[in-house]
Amino acid sequence: MKISLRVLTVAALMAGFFNSISAQAADAATDQLIKRGEYLAVAADCGACHRAVKQGGAPYSGGYAIDSPMGRIISSNITPSKQFGIGNYSERQFSDAVRKGVAADGKNLYPAMPYTAYHGLTDDDVHALYTYFMQGVKPYDAAPAEQTQLSFPFNIRQIMWGWNLLYRDDKPFARQDGASEQLNRGKYLVDVLGHCSTCHTPRNMMMAEESSQNLAGGPLGGWYAPNITPDKSGIGDWSQADIVTYLKTGHLADKAQAAGPMGEAVEHSFRYLNDGDLNAIAMWIKQVPAIATPVAAREATPAVATDINQIIVGQGSQSSLAASKTTDGAELYNGACASCHGIEGHGTKDNFYPSLTSNTAVSGPNAQNLVMTIANGIERKGNDIDVAMPAFANQMNDAQIAAVSSYVRNQFADINQPVTGEQVKTWRQGGEAPFVVRYVSYLMAAGVVVVLLIIFGLLRLRKKS
Amino acid sequence: MLSRRQLLKSGAYLTGFAALNPVLSWAVPPSQSSDTSAFYQLSLMLTGRKQLSQVITQRALHCLSEEDSQFPTQMQQLSRAITAAGITQTDELNGHQIMLDAATGATARKIVSAWYLGFTGTPVSLRAVDNTRFVTYTDAMMYTPTLDATVIPTFSRGHTNYWTQPPATIKND
């Protein structure tokens, strides 16, 4: 009896010991999984939309408003809070929300959530993401203050059913045959996780991506997500290293700087990716089909440089210092921009203040990104430096922003397409409304007419028979 | 409604005003008036340049004349003295009687000062208003000697807080 007890004790102790080892091993495995899920969540930039309204708020607590042409879509709380977040989601429900755009309560999500891209996520990655969101994220027990309220008929979530039928692709991620492992990784990162096409692919009349124009650029709020295909009108003259540098730091000397939503993508997502993944992205981007898009026409003869002595004529009287109603682009440039970008727009030698003479924001197909940068400024953390350009929307009115934009494009890119205050106003308010929003009432009226005609036809048929 | 007669009349007034008002005519290239041409020639000689900006020439002369109505006369006097002495280079003025003479020396210094400092008059510190007048900021000649290495003050040289790091080339400078 004694012996057996001792044996039992030893056995029990042993069992406990091995148990704890296996438990430790399991913990290590879970930790690994959580780590991987976190990296995936960063690569997918979930935090860009599901962030708190205030900076420094709880991660993934939501409430951030995405301005869509249909109205403000408020991102949801995706922390594991049981009451306000996704704490009660099963992995299946999580997967359906991420890959199919259907929430656990059966409601359809709006495609502001890029489920059309995420549908290609592998099961392994969904599992890692689920584990991370359930165990690696702190629950935040409050709902976002605002609720998504779109105008009729977009507030009826059921209409997304039909849209999904037409535009949601339920096929899993397709590897490219014969392509290297790295190239396929790039395809996965660009098409699925990074959902680059969400912004960089133009949308059709029904707001779905036009796959034939993949990554050829499209309007996005007041901004314009440029053509990133390897065409001359895109980023054909960027090397693979250029793309990697841009994604990592948000800037590329004499070419481009990330501002607006792309600045956010760099700050919250791309700069945290490892070099292998960034190179895979660049490699894939460099071999997607090149698509030619319109570029701004340059004047045959370069613009005559403005003599600053014609503009700056002294400080005038004390009272004239307070008046700043001028709409002279040259005067505004020299007052607001020249101290950093230089009188001749060359920027600083270290490229910290970028050149405006070789700059895609200035020479772009339209003045949208230039105008939005002037109005909203830039605030971006990259892997090397933090960049801040002041927003001038509080100092300049629309006409003044238009004037200085016209001046900059004309002087530094030889583009003579004057920007109007009206355009500035439209862009600052989120850009032109797309077809489906502008004509929604006509579309609905047409639908009613069709239904009436069918009823009428049926009645006629019944009368005859 | 504006009648044709009124339009023509006001047009004529405006043209006359523009021609007579020196502020508006700054941008106009110098006429062959003796003052402007004398000032331009003097400026070329005193600064040792082959060419100077017409806008700044006009403005410097205007500011100097505003400050002292006697300036055109003094300038003509200086011009005559230089011609009489047969001076063609600035260096020849070093220790010359023209510079030692109170009237001509001061006039020459005023002209050089306007070009180099970019303003006329004498600033009074801690005072909002004094007799200084703006000629040019970016083209003030005092910046020229270092322009290959530094930018004009107030225009950025590098990234924010760049001055906290000594330049990499400090050993060779």
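**Cores and helix packing in a predicted model**

The largest nonpolar core has 65 residues, and those with the most contacts inside it are Tyr60(A), Phe94(A), Leu121(A), Phe133(A), Leu193(A), Ile281(A) and Ile285(A). A core here is a set of buried Ala, Val, Leu, Ile, Met, Phe, Trp, Tyr and Cys residues joined through side-chain atoms within 4.5 Å, where buried means under 20% relative accessible area (1.4 Å probe, protein chains only). Helix H5 (residues 123–136) of chain A gives this core its largest share, seven residues. Leaving aside neighbours within four places in sequence, Phe133(A) touches Ala41(A), Cys46(A), Tyr60(A), Ile78(A), Pro80(A), Ile86(A) and Phe94(A), with contact meaning heavy atoms within 4.5 Å.

This is a predicted model, with local features needing pLDDT of at least 70 and side-chain atom pairs counted only at pLDDT 80 or more, while totals for chains, interfaces and linings use all residues. Residues are numbered from 1 along each chain as its sequence is written, chains are lettered from A in the order in which they are written, and side-chain values use heavy atoms, leaving out hydrogens and water.

Then there is helix H16 (residues 368–376) of chain A: eight of its nine residues are buried, so the rest of the structure largely encloses it. Helices are DSSP runs (H or I) of at least four residues, and strands (E) of at least two, numbered from the N terminus. The buried residues of H16(A) pack against strands E4 (223–225), E7 (378–381) and E8 (386–389) and helices H15 (360–363), H17 (398–413) and H18 (421–428) of chain A.

How values were computed
Buried means under 20% relative accessible area, exposed over 50%, partly exposed in between (1.4 Å probe, protein chains only).
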